[in-house]
Amino acid sequence: MAENIKNMNDITKISFRVPGDDECSKNTVPLSIFFSFLEGKATRVAIPHRFGWRTVPVDVCCLTEIGDGGRPKIEVAGRPDVYGGNGAISFIPAGTPHRFSCDGPDSYISYWLHFNVFVSGNLELFSLYDMPNVIPADEAGNIGILIKEIISQPRNLTLNESLHQQLLGNALALELLRFGKFKYNAEALKSDLLRLLPALNYLAESMEKISTNQLAGKVNLSASRFLALFKQLTGMSPGKYQESGRIRRAGVMLAMGKFSLAEIAQELHYSDAFHFSRKFKEFTGVSPKEYRKRIN
């Protein structure tokens with residue numbers, strides 16, 4: 001029998017598979033999925049309050065615990081205003097202009113989390129879905145529990161704790177996606193994503209500029225067809241997609257609080273702090289200094 005065994009699939013087939021059973025194996029999309037935690041904590045928010053408009057390069061997810069009658073308002077650019085309540089979840093996708101406000105005589109607790117979930121490099125998972133900005137308490141399921149557990153992790157994680165955080169983050173993403181709707185035809189999305197993976201992976205790993213023709217060549221498409229598919233999938237040009245990855249990394253470094261603007265600019269291959277600051281404000285709507293002040 002050893003002569004007929006060429007790989008592990010043959011072993012599996014010989015040992016376990018019933019002849020004619022085509023459901024043993026699964027055809028998955030070869031994705032690398034990464035939950036990136038930036039920061040989060042429980043904050044007591046005084047009422048009334050008004051948080052100004054802001055745009056951050058991370059997903060924002062909050063659990064609100066508020067007394068009877070409290071109705072935090074969430075304003076999102078281009079959408080009708082929505083209101084939360086006790087136990088409600090608010091969710092703002094990365095790069096979305098938004099602001100929070102609430103009136104009343106007391107205070108409430110916000111369990112908030114800043115994170116990203118990346119698919120194959122810099123592709124934002126939630127950019128592929130139309131997501132609601134508020135999930136009512138009676139529909140939220142385990143989302144609030146997962147938020148609390150993620151932010152309760154220690155600051156310096158061991159290997160096991162880091163793995164635990166990844167699993168919690170993936171579970172949170174799956175819970176949130178119960179309320180999302182694909183922006184695309186599912187089969188077309190799978191086909192386009194598979195076709196563009198080499199280009200997406202390259203742009204995620206390199207900060208060097210590359211021409212459209214070179215990227216198109218990596219996936220055996222004409223430049224015009226490549227650009228059309230790329231924009232349909234990501235919502236932006238390859239250059240802006242690559243730049244958005246640098247801005248997200250800059251946001252993490254700014255939140256850490258220990259890097260100067262010049263150090264961030266050098267690390268992310270900007271010519272100087274001024275050039276970096278201009279690009280950061282172009283993407284987020286605020287300067288790096290203002291972003292650092294707001295996020296902390």
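Modeller: A residue is called exposed when its relative accessible area is over 50%, buried when it is under 20%, and partly exposed in between. Please keep in mind that this is a predicted model.

Colleague: Then is Asn220 buried or exposed, and why?

Modeller: Asn220 counts as exposed because its relative accessibility is 65%. Asn220 sits in the loop between α5 (212–218) and α6 (223–234).

Colleague: What is the phi of Asn220?

Modeller: Phi of Asn220 is near 55 degrees, a positive value in a residue other than glycine. His269 also has a positive phi, near 65 degrees, and is likewise a residue other than glycine.

Colleague: Where is His269, then?

Modeller: His269 is in the loop between α8 (261–267) and α9. His269 counts as partly exposed because its relative accessibility is 47%.

Colleague: Let us step back. How many helices and strands does the protein chain have?

Modeller: The protein chain has 10 helices and 12 strands. The C-alpha atoms fill a box of roughly 80 × 50 × 40 Å along the principal axes.

Colleague: And what share of the residues is buried?

Modeller: Of the 296 residues in the protein chain, 44% are buried. The accessible surface of the chain comes to about 16400 Å², and carbon and sulfur atoms account for 52% of that surface.

Colleague: What about the charges: how far apart are the mean positions of the positive and negative ones?

Modeller: The mean positions of the 35 positive and 30 negative charges are 7 Å apart.

Colleague: What share of the contacts comes from residues 24 or more positions apart?

Modeller: Among contacts with a separation of 6 or more, 73% are between residues 24 or more positions apart.

Colleague: On to pockets. What volume does the largest pocket have?

Modeller: The volume of the largest pocket is about 730 Å³. Its lining consists of 32 residues, and those nearest the centre are Ala94, Gly95, Thr96, Ser127 and Met236.

Colleague: Which elements give two or more residues to that lining?

Modeller: Those elements are β9 (123–124), β10 (129–130), α7 (238–256) and α9 (273–284). The largest share, five residues, comes from α7.

Colleague: I also noticed Thr55. Which residues does Thr55 touch?

Modeller: Not counting residues up to four places away in sequence, Thr55 touches Gly95, Thr96, Pro97, Phe283 and Thr284. Gly95 and Thr96 are also among the residues nearest the centre of the largest pocket.

Colleague: Why is Thr55 classed as it is?

Modeller: Thr55 has a relative accessibility of 12%, so Thr55 counts as buried. Thr55 lies in the loop between β2 (49–50) and β3 (59–65).

Colleague: What else is in the loop between β2 and β3?

Modeller: Phe51 is found there. With a relative accessible area of 41%, Phe51 is partly exposed. Leaving aside neighbours within four places in sequence, Phe51 is in contact with Val45, Arg99 and Phe100.

Colleague: Which residues are joined by a cis peptide bond?

Modeller: Ile47 and Pro48 are joined by a cis peptide bond, with omega at about 0 degrees. Pro48 belongs to the loop between β1 and β2.

Colleague: Now the helices. Where is Gln165, and what is it in contact with?

Modeller: Gln165 is in helix α3 (residues 159–177). Its contacts, leaving aside neighbours within four places in sequence, are Phe35, Phe37 and Leu157. Gln165 is buried because its relative accessible area is 12%.

Colleague: And Tyr202: which helix holds it?

Modeller: Tyr202 is found in helix α4 (residues 186–205). Tyr202 counts as partly exposed, since its relative accessibility is 25%. Beyond neighbours within four places in sequence, Tyr202 is in contact with Ile210, Leu215 and Lys218.

Colleague: How far apart are Tyr202 and Lys218?

Modeller: Tyr202 and Lys218 are 16 residues apart in sequence and 9.3 Å apart in space, C-alpha to C-alpha.

Note on methods. Residues numbered from 1 in each chain as written. Predicted model: local features only at pLDDT ≥ 70, side-chain atom pairs only at ≥ 80, totals over all residues. Heavy atoms only, no water. Helix = DSSP H or I, 4+ residues; strand = E, 2+ residues; numbered from the N terminus. Buried < 20%, exposed > 50% of the residue type's maximum accessible area, 1.4 Å probe, protein only. Contact = heavy atoms within 4.5 Å. Areas by Shrake-Rupley, 256 points an atom, 1.4 Å probe, with all protein chains shown as cover. Lys, Arg positive; Asp, Glu negative; His and termini not counted. Charge placed at Lys NZ, Arg CZ, Asp CG, Glu CD. 1 Å grid on protein atoms, 1.4 Å probe; cavity = no way out; pocket = protein on both sides within 12 Å on 5 of 7 lines; lining within 4 Å. Points joined across faces, edges and corners; volume = space filled by probe spheres on them.
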